Amino acid sequence: EYTRILTSTRAYRLSSVPNETNREDEVLYSRRIPVPLSVEQTAFSLLRVRSESLYGRMDEGLDVLSRIVRQFVVARQDDEGTEVSDFSGTIPKSLFMMNSEQMNGLPDVGLDFEAEPLALLDQIYLTTLSRHPTPEEEFVIGNHLAATPPLPPDWYQALKRRNDGTLPPRLQAALDVYWALINSAEFTYNH
């Protein structure tokens, strides 16, 4: 009951997009100001985009989670000798996102790679950023996906038989978009 009441309030439904009446407001909560995700939120988001669940495999899931957190947090001492953890969004994070074993491979999040280019693009945006692509994003990225040949009917079985690491062009283009969105600043902000 409490959740229903809370989510039905006007304050809960405020947008992070500024308008003419709240463009300068940084204090009165007339709009949702985007804030960076905490390191824990980022780690859980990354687990989710890889479709790794902690349910039923708690030890393994916590191990993966702790490895992700260690990549993003730098421990240091403040001027009083107390250890402080800083969220590190720099080169180590970028290298982890691009090269780590946890972030490589096909995402198992229910994307229909055989869908039409705009439908696939919509799925990718909803999965990664929880929003639909803008008309400009649809035009540019949709045309990029549409310029690649559709996947053959047996693409997944053929991919399993291949050992050369190459992917069909449509699949490679879709994965490029997927991982680019995950590495975007928008992915790391709570809107």
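**Surface, helix packing and salt bridges of the chain**

Leu6 is partly exposed, with a relative accessible area of 37%. The model is a predicted one. Leu6 sits in helix H1, which covers residues 2-7. Together with Tyr2 and Tyr12, Leu6 forms a nonpolar patch on the surface. The accessible area of Tyr2, Leu6 and Tyr12 together is about 370 Å². A residue counts towards such a patch if its relative accessible area is over 30%. Leu6, at 37%, therefore passes that cut-off. A salt bridge is also found in this part of the sequence, between Arg4 and Glu1. The closest N and O atoms of that pair are 2.6 Å apart. Arg4 is exposed, and so is Glu1.

The chain contains eight helices and four strands. Read from the N terminus, the order of elements is α-β-α-α-β-β-α-α-α-α-α-β. The chain has 191 residues, and 32% of them are buried. Of the contacts between residues at least 6 apart in sequence, 54% join residues at least 24 apart.

Helix packing comes next. Two packed helices are described by the angle between their axes and the distance between the axes. Helix H6 (residues 135-146) packs with helix H8 (residues 169-182) at an angle of about 155°. Their axes are 9 Å apart. H6 is therefore roughly antiparallel to H8, because angles over 145 degrees count as roughly antiparallel. On the H6 side, the residues that meet H8 are Ile141, His144, Leu145 and Ala146. On the H8 side, the partners are Arg170, Ala173, Ala174 and Val177.

Most residues other than glycine have a negative phi. Ser130 is not a glycine, yet its phi is positive, at about 60°. Ser130 lies in the loop between helix H5 (117-129) and H6. Its relative accessible area is 63%, so Ser130 is exposed.

The structure holds three salt bridges. Arg131 takes part in a bridge with Glu137, at 3.0 Å from N to O. The side chain of Arg131 also meets that of Glu186 in a salt bridge, at 2.6 Å from N to O. Arg131 lies in the loop between H5 and H6, and Glu186 in the loop between H8 and S4, so the pair ties together parts that are 55 residues apart in sequence. Glu186 is partly exposed, because its relative accessibility is 27%.

Phe187 also lies in the loop between H8 and strand S4 (189-190). Phe187 has a relative accessible area of 8% and is therefore buried. The cut-off for burial is under 20%. Phe187 is 58 residues from Leu129 in sequence. In space, the C-alpha atoms of Phe187 and Leu129 are 5.9 Å apart.

Asp112 belongs to another loop, the one between helix H4 (91-99) and H5. Asp112 is partly exposed, because its relative accessible area is 38%. Leaving aside residues up to four places away in sequence, Asp112 touches Leu120 and Gln123. Asp112 and Ile124 are 12 residues apart in sequence. Their C-alpha atoms are 9.4 Å apart in space.

Definitions and conventions. Residues numbered from 1 in each chain as written. Predicted model: local features only at pLDDT ≥ 70, side-chain atom pairs only at ≥ 80, totals over all residues. Heavy atoms only, no water. Patch = residues over 30% accessible without salt bridge, like charges linked within 9 Å, V, L, I, M, F, W, Y side chains within 5 Å. Areas by Shrake-Rupley, 256 points an atom, 1.4 Å probe, with all protein chains shown as cover. Salt bridge = Lys/Arg side-chain N within 4 Å of Asp/Glu carboxyl O. Helix = DSSP H or I, 4+ residues; strand = E, 2+ residues; numbered from the N terminus. Buried < 20%, exposed > 50% of the residue type's maximum accessible area, 1.4 Å probe, protein only. Contact = heavy atoms within 4.5 Å. Axes fitted to C-alpha atoms, helices over the stretch in contact; angles between N-to-C directions. Parallel < 35°, antiparallel > 145°, perpendicular 65-115°, else oblique.
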